[in-house]
Amino acid sequence: MAERRLMTGRGNGRPARYSALALLRHGVTGNGWSRAWRRHELENSYDVVIVGGGVHGLATAYYLAHNHGITNVAVVEKGYIGSGGSGRNTAILRSNYLTPEGVRFYDRSLQLYRRLAEELNYNVMFSRRGHLTLAHNDTSLRTMRWRAEVNKLSGVNSEVIDADAVKHLVPYLDTSPHARYPVLGALWHPPGGIIRHDAVVWGYARAADALGVHIHQETEVTGIDVEHGRVTGVDTTRGRISAPVVVNATAGWSSLISAMAGVRLPVQTFPLQAAVTEPVRPFLHTVVVSGTLHVYMSQTDRGEIVFGASVDPFASYSSRGSLDFLEGLASHVLELMPSLATLRVLRQWAGLCDMTPDFAPIMGPTEVDGFLVDVGWGTYGFKAGPVSGEAMAECIATGRTPTLISSFSLRRFAEGELVGEKGAAAVGH
Amino acid sequence: MMLLPCPWCGPRAAEEFGYLGEASKRPDPQQATPREWRNYLYLRNNVAGWTSERWYHRMGCRRYLTVQRHTVTNEVRSATPPVVRTGDS
């Protein structure tokens, strides 16, 4: 084993530094950069196997190694890292939720995101530009007042602003009272923003790798071994791994992985589509969301407008885009910003979302000892990546469920203790 | 665009229908324990493959149907009138 470790070049615990000087040196010499994370042989056993190499799985691996010194960890990914929801979301960060447990949880995530670039020594391009949720009727305005008060009680900056203030923030928005869905006001959440989602995945992968975590891409889990109610390992397309702890962090595919361990989940997989336009000059300086019109939009640093919507109307594992989605999206966007009519859509795509009945995640232990889940992330998983990794790592290392995630247990469904985050978790319901 | 072959109206765009989810057997409310009832309410098989599900033709005949659909390819094998259950089934 020592030989193999030598061959695969296990690092000295410090990731390569990126700097302007290094960029210049590589530019001049033409030498390639060293790999940000390495390829390893599959070992026969690990202390922890994490299924799913997205932001949740990689963050869990990183915090296990960094916060708890557990480094004999494998992240097993069917495709390439970040190929699922982590690379398909619209990269919006916010913490303006409705329930106190939701607000506390997502606020912690936002705090971790704010210093992530520094922590991982990797530019994740967090742009803290503010997040605006429009109210088109009295009911939305009432829910927004409620959300603002819950947020303030937890120390999260959110306030309800009127239509004039909205127009000031987003001049291109149609705020006239004659619009089909007039803008009555909005929930303004300055700490929100957007981030480069791939960089978050790569940053966590690189930092976890440097601490000794093995990242196995193109390695599909085909079975989970359970003996006498305890998990003993996983079967993969590259061989069997024995492990006393297995974590399911596979989002849209989480029902299938859990079924391998004999655990049924209250989850249905729905595709969520998004689209991006050609780049234009910067004109949109905040994230804009309309629940009534089922749309959210932001402008990337490159100038493209990224749009997202609500999930497709029926459950499916298909990630094909549909014309219905694009037509619906375009009509809703033009209600908000008629001047975008000439903008061309470059591409559209879909990701798979594991929706739960109460629009809150499922985290922690299951009825099978050693088999943990970090699933049910629906349409809001990306923004929760860091805090989920931190909490799951603590859960694995200490054997206790942290208070921050205790209300997200799988048991809540059998016990009828649902969370009720529907009003603030996503658009379109 | 996905077409559903409605047994009463013929092939129609899926947008005309409401999706009601996996077809599952409802336990007897008088007999079920709260745990059994909540499992029925919340737990799903969520299979990636052929599945039997309920749809409602809300913009057509407004009748319920049972659809056999492949959840990965969205291929539809059949759409039939739902099986009428007797009290003890």
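Chain A is divided into domain 1 (43-126 + 192-266 + 357-429) and domain 2 (127-191 + 268-355), the bounds being those of an automatic or database domain assignment. The model is predicted: local features need pLDDT of at least 70 and side-chain atom pairs count only at pLDDT 80 or more, while totals for chains, interfaces and linings use all residues. Residues are numbered from 1 along each chain as its sequence is written, and chains are lettered from A and ligands numbered from 1 in the order in which they are written.

The C-alpha centres of the two domains of chain A lie 26 Å apart. In the contact between them, 34 residues of domain 1 of chain A meet 38 residues of domain 2 of chain A; two residues are in contact if their C-beta atoms, placed from the backbone, lie within 7 Å. On the domain 1 side, two or more residues come from each of helix H4 (100-114), strand E7 (193-194), H9 and helix H13 (422-425) of chain A. Helices (H or I, at least four residues) and strands (E, at least two) are DSSP runs, numbered from the N terminus. H4(A) gives the most to this side, with five residues.

The contact between the chains takes 18 residues from chain A and 16 residues from chain B. Helix H9 (254-260), strand E13 (268-277) and helix H12 (411-415) of chain A each supply at least two residues of the chain A side.

Glu394(A) lies in helix H11 (residues 385-398) of chain A. The C-alpha atoms of Glu394(A) and Asp354(A), 40 residues apart along the chain, are separated by 23 Å.
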